[in-house]
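Please open the structure in your viewer and keep the selection panel at hand. The tour below moves from one selection to the next and says what is there.

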Amino acid sequence: PETVAAMSDTVAKLKKERNAVILAHVYQRPEVQDVADFVGDSLQLAQQAAKTDADVIVFCGVHFMAESAAILSPDKIVLLPEENAGCPMADMVTADALRKRKAEIPGVQVVAYVNTSAAVKAECDICCTSANALKVVSALPEDRPILFVPDRNLGDWITKQTGREMHLWEGYCNTHDRLSVDDIERAKAAHPDAEVLVHPECQPEVVAKADFVASTTGLIRYALESSRKSFIIATEEGVLHPLRKQAPEKDFHLAARTLICPNMKSTSLEKVVWSLQEMRPRITVDPVIREKALQSLERMLAIV
Ligand code: 13P
Ligand code: SF4
């Protein structure tokens with residue numbers, strides 16, 4: 001088998017040949033993050049996908065992220081090295097089910113977390129990510145009800161922070177939702193001086209235990225800037241890579257060993273090489289759906 005260094009060199013060579021840019025979410029494997037041109041959270045990756053002048057976007061993340069890139073940059077080739085990398089939470093709301101729910105709430109405005117399919121984005125009014133959710137929801141007109149899909153935990157956090165009541169969907173992220181208050185208490189007992197940093201996809205009782213709540217990039221920024229030395233991290237373990245690289249003098253403890261998203265980890269360096277060689281699997285979006293989904297994404301990007 002080829003070494004990581006050899007595969008990384010091959011990726012660099014192919015990237016030049018194809019005029020490709022590699023975007024990676026911070027939940028990706030360390031060696032995949034290290035070959036990326038840009039590593040970030042969902043919002044930053046969408047912003048990068050919208051502005052890149054590369055011909056090819058290799059998306060090291062999950063399906064909805066590559067789809068958003070294809071919506072924002074329709075003239076580019078968007079590759080998702082592991083075609084089966086999905087997001088179970090995104091699959092918890094379909095366009096059909098959303099249309100039915102909308103019909104039950106007259107005058108409703110729908111906010112869709114970007115963790116949704118293009119077809120669901122096409123049915124909503126505006127998108128958000130965990131990084132800009134408070135801003136997006138606060139900017140909505142106050143005279144109409146809000147339906148937030150699909151993450152009930154993020155929705156609960158937004159309501160508590162903004163005071164805006166919302167109809168919530170029964171969706172959740174398997175990886176974050178299974179973290180328990182007991183896990184946090186155990187981690188605190190083991191590391192009493194640590195600050196507890198929590199992603200809002202965690203359950204409300206877990207979020208209530210946090211010293212700081214934010215998107216992945218927000219959590220990383222906070223930990224780097226804090227004067228504290230020790231941190232309990234309640235989000236996917238991929239963030240440990242940039243944290244330990246950028247702050248080797250600090251201690252980062254994952255709140256539980258279960259904080260691993262199998263879909264995010266299914267992209268390997270081998271698959272990135274193969275994808276650039278073969279120029280597949282390619283992610284495309286139906287033009288009619290794309291047009292509507294683009295409006296929801298652009299409304300979000302105009303706010304942040
Ligand atoms: P952010 O990148 O917005 O923090 O979202 C976390 C996540 O679960 C992405 O799938
Ligand atoms: Fe989906 Fe959760 Fe994995 Fe993010 S971490 S891709 S929300 S399952």
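Two residues are called in contact here if their C-beta atoms, placed from the backbone, lie within 7 Å. This is a predicted model, in which local features need pLDDT of at least 70 and side-chain atom pairs count only at pLDDT 80 or more, while totals for chains, interfaces and linings use all residues. Residues are numbered from 1 along each chain as its sequence is written, and chains are lettered from A and ligands numbered from 1 in the order in which they are written.

Begin with S73, which sits in the loop between α4 (63-72) and β4 (77-79); helices (H or I, at least four residues) and strands (E, at least two) are DSSP runs, numbered from the N terminus. Leaving out residues up to four places away in sequence, S73 touches A49, A50, T52 and I57. The C-alpha atoms of S73 and I57 are separated by 9.2 Å, although the two are 16 residues apart along the chain. A residue is buried if 20 or more other C-beta atoms lie within 10 Å of its own, exposed if 12 or fewer, and partly exposed in between; S73 has 18 such atoms and is therefore partly exposed.

Next select helix α3 (residues 42-51), whose buried residues are S42, L43, L45, A46, Q48 and A49. These buried residues pack against β1 (20-25), β2 (38-40), β3 (56-60), α4 and α16 (287-303).

Now show ligand 1, and colour the residues near it, meaning those whose C-beta atom, placed from the backbone, lies within 6 Å. Among the residues that surround ligand 1 are D41, S42, L43, N115, S130, E201 and T216. By class, this shell has four nonpolar, six polar and two charged residues, where Ala, Val, Leu, Ile, Met, Phe, Trp, Tyr, Cys and Pro count as nonpolar, Asp, Glu, Lys and Arg as charged, and the others, Gly among them, as polar.

Move on to ligand 2, which 14 residues surround, the closest being V62, C87, C173, T175 and C261. Helices α9 (174-177) and α14 (262-265) each supply at least two residues of this shell, and α9 gives the most, with three. Ligand 2 lies between domain 1 (4-86 + 264-284) and domain 3 (175-260), because both give residues to the shell around it; the domain bounds come from an automatic or database domain assignment.

Which residues does the UniProt annotation "binding site" cover? The unreviewed entry lists H25, S42, Y113, V114, N115, S130, H199, P200, E201 and T216, in the numbering used here, with the feature name shortened, and such annotations may be inferred rather than shown by experiment.

From that list, select Y113 in strand β5 (residues 109-113). With 29 C-beta neighbours inside 10 Å, Y113 counts as buried, and beyond its neighbours within four places in sequence, Y113 is in contact with C128, V149, P150, D151 and L154. P200, in the loop between β9 (195-198) and α11 (204-207), is likewise listed in the annotation, and its contacts beyond four places in sequence include S130, N153, L154 and W157.

Finish with C128 in strand β6 (residues 126-128), which is buried, with 27 other C-beta atoms within 10 Å.
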